[in-house]
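The following paragraphs lead the reader through a protein chain, from its overall composition to selected residues. Please keep the sequence and the model in view while reading.

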Amino acid sequence: MTLKTKQMLRIFNPIDELIKKLEELLNDNEANSVEKVCLKKLICDQLNALAQKFDAASNDNVDSYREMKKKVTAIIEEFCIMDFKQKDNQLEGQIDKQIFGSVTEKFLSLLENLEKSETFSIKQSLQDCLLYVKEMGSACEIEDLQNIKELGASIAEIFKPLQIYKRNLTSNLLADKLALFCCQLCTSFGILVLVIKEQHQLNVPIYTCKKYICERLCLCFESIIGILDAPNPSEEDEHFELENNFVYRIDLVLDIISDLSSKAQSEQVNDCADLWFGIEDVFAHAMSIAQICQPYSFKAISGSCQTILTEYENLKKQLQSDPPDPTMNNLFMNTLTDSLYRLERKINISVLTLVMEVFSDPFGALKRLIKICGTSLHVSERTTNDLDSAIEEFDQLSDKAVLIGKFAIACCRDKNRAARIKNCLASFESLEMELIPAVSAFYLHPNNKEMRACVKLLTEQWQFEMNRFHHTVNLIIDPAAYCQIVLDDLQERINEMSNSLDNRQDITQLQVQHVVQRALSLSKQINATLEDVGQENIDKQAIMTIREFKAGIYEADAASKKFLINKATAPEQLRVIHRCEIMLKVIKRLLPVLSNIVNNSVTMGTVNTAHDSKSKAKKSLICTSAVGLSSQSSFQELSIVKKSSNYIRTPYSVKSCKKPLSIQPANTVLRNESDVSILIPYIEKGRMMRAEWSVMYKTPQTCKSEKPIQNMLKIRNLSSVRQHLFSRDSFLDETEIDLTSESLDLTNILENITGLSETLTSVASNKSTFDNSKSTSSSSEQVIHI
């Protein structure tokens, strides 16, 4: 099937079914009278004529969707009013049984052409915008705001039909890509407006920055045109992005193991091969995450992987033993499952720790990079090597942010939030490729006004994207799990400060600042959760505890700024530590409060989602019956709603973890967990996966061999929902991405351009009036200046 849109499928499917039924009736040769044979001959002749009309209409070069639609409608209406009562006594010639397939094929081809004509006007508008932006990018001049406003109006005009087309696509992959490109188009246009505004204020072209944003806009236009022209992706490509992550792969492996116990031993042995492929994928994704995390996290994750290797080998040997022992089989399955859950727990904790590190000081690396540009070192003595350490720190922060974003998308069932994160990651990807060269150039030429303006614009946009990214990730994170991560870290830091004071070593303001920053990151995450859940759904005691926590942060910060500026006495340092300890006690009381908030929100979300799903299923049943299709899909929809309550909780939390239980057969040699040589292939594979991953702007992926094996994809039970420590339990399963906010942003940008244009016009007119008065009264001006 090559049709891309749901609208065309709704037209094609009923007619295709009717033609198949007609073929069955005409192929029925029982008790054929002369009248029946005449009727069959007449129908086949009419179908042949219909196929010829379909073929002729497909070959007509009609670009207008309305004209093409009129032709298709006229052909079908003409066939529907055909008089089957007319007599045809000429029985010569055989009935062409291939005519049915020919009609279907020609009709399908005609609908494909109709589908293409629907997007012709959109593609033409996109091409016009693309040509204009390419010209703009090549011109080193200050752009007219009126031209930018017209470009924005053209984009806004295209945006609405693109949203309709996105909702109409049958492929979720193409729809998600189109949503991403549309979001990037709006974001890039917003940056272009800021560049043009800066041009007029400084009266310089800022060519490098303008050229960059024009190239980014061109890529968006070209990508959208590519989506409109692209065929439906293969089934493998359709699911690759969704399934190529640690969360999906670990869930898949756990599902395979859970199904083993209900099968015969011969089937269990065969399924062990699929299980091993899944475990290898889990190892590769785990190693790609471990390489970004702290060294102690890498050690913990690699140790868990080696334990899983041992448990898998034990299970495989047990399943191959003769005679079979179901009890021992289940026991080894349980130990393997337990080791997989332990790996998942360590991965989730490692990523949450990265969240704490990145969001405690998201702009620190960028600030330190920009600060070097203000050094007093003479221009002739500056080299780009001076920036190496700061650039490396910024690159590491970017890698951590990408990992957090990818993991959050994998854990999130709300497609709108996942799309917002993906949009931020695409912006990071684009900005990073331009920001570092711009900062390096400005460092070597600190007096260049254009380079300064370029760095200012890019850094402001990067900070804006980071704030938006931070807020969206906070909506996904489980506040109770994050609170425990922050609590453990602060406990260690405050103990370290107390030990330093006991050993007559001064504590520094920087130490307290790290504590305050981590507490503030938790406070922002809690704020985002409260906004999402709703203040009305939270009891007053919980709100009071949260306010007490915020007051504790303020007091600890104020105490450090008051007492630790100069040489502080021991009592003053003790007062600062005491403030931090008070804040820590409040966080301990906050932990059960956040757990209750999350549990209550999950209960409400489950009820609301179940109600919405049932109503959607009923609507689907009504619509399906209306078009005369089989009601089987509706019953499947209802069964999916019923199955969606299959919720599987993880047996571990951030803090609670029972001791591992492992059964070692005789003559088993224990692995040395510090020796990671056996994991080197997975480490290399993980590194390659990270290097080749791209949202939008980098070179396309090349490692097609890394895609999951097809027979494994069918095993995953998507109706079951597994809990993950990283994210709040959400039963929302949004199937469409809403671009309303982007559309409103585009409208606001156009309104701002209008206001900016009027402001600059009035400034220009005032300036010309001032210049005229200056020429008429130059003598008095000179007196004033003197």
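**A guided reading of the chain**

At 32% relative accessibility, R579 counts as partly exposed, where buried means under 20% relative accessible area, exposed over 50%, and partly exposed in between (1.4 Å probe, protein chains only). E555 is likewise partly exposed, with a relative accessible area of 35%. R579 and E555 form a salt bridge whose closest N and O atoms are 3.3 Å apart; the term denotes a side-chain nitrogen of Lys or Arg within 4 Å of a carboxyl oxygen of Asp or Glu.

The model is predicted: local features need pLDDT of at least 70 and side-chain atom pairs count only at pLDDT 80 or more, while totals for chains, interfaces and linings use all residues. Residues are numbered from 1 along each chain as its sequence is written, and side-chain values use heavy atoms, with hydrogens and water left out.

The chain contains 26 helices and 2 strands. Of its 786 residues, 46% count as buried. Among contacts with a separation of 6 or more, 85% are between residues 24 or more positions apart, a contact being heavy atoms within 4.5 Å.

The structure holds 26 salt bridges. In one of them, E393 pairs with R368, the closest N and O atoms being 2.6 Å apart. This pair links helix α15 (residues 388–411), which holds E393, with helix α14 (residues 364–373), which holds R368. In another, the closest N and O atoms of D532 and R728 are 2.5 Å apart. D532 is partly exposed at 32% relative accessible area, whereas R728 is buried at 12%.

Helix α13 (residues 326–360) has 35 residues and should span 51 Å at 1.5 Å a residue, which agrees with the 51 Å between its end C-alpha atoms; the expected span is 1.5 Å times one less than the number of residues. Because 28 of the 35 residues of α13 are buried, this helix is largely enclosed by the rest of the structure. E344 is found in α13 and counts as buried at 3% relative accessibility. Its side chain makes a polar contact of 2.7 Å with that of H724. Such a contact is a pair of N or O atoms within 3.5 Å; within protein, one must be able to donate a hydrogen and the other to accept it, and residues adjacent in sequence count only if both atoms are side-chain atoms.

R216, in helix α8 (residues 207–229), is buried yet has no salt bridge, as the nearest side chain of opposite charge, E465, is 5.0 Å away. Lys and Arg count here as positive and Asp and Glu as negative; His and the chain ends are not counted. The side chain of R216 does make polar contacts with the side chains of Y212 (2.9 Å) and S427 (3.2 Å).

The structure holds 0 disulfides, a disulfide being a pair of cysteine sulfur atoms within 2.5 Å. The sulfur of C182 is 7.0 Å from the closest cysteine sulfur, in C183, and therefore too far for a bond.

Definitions and conventions. Helix = DSSP H or I, 4+ residues; strand = E, 2+ residues; numbered from the N terminus.
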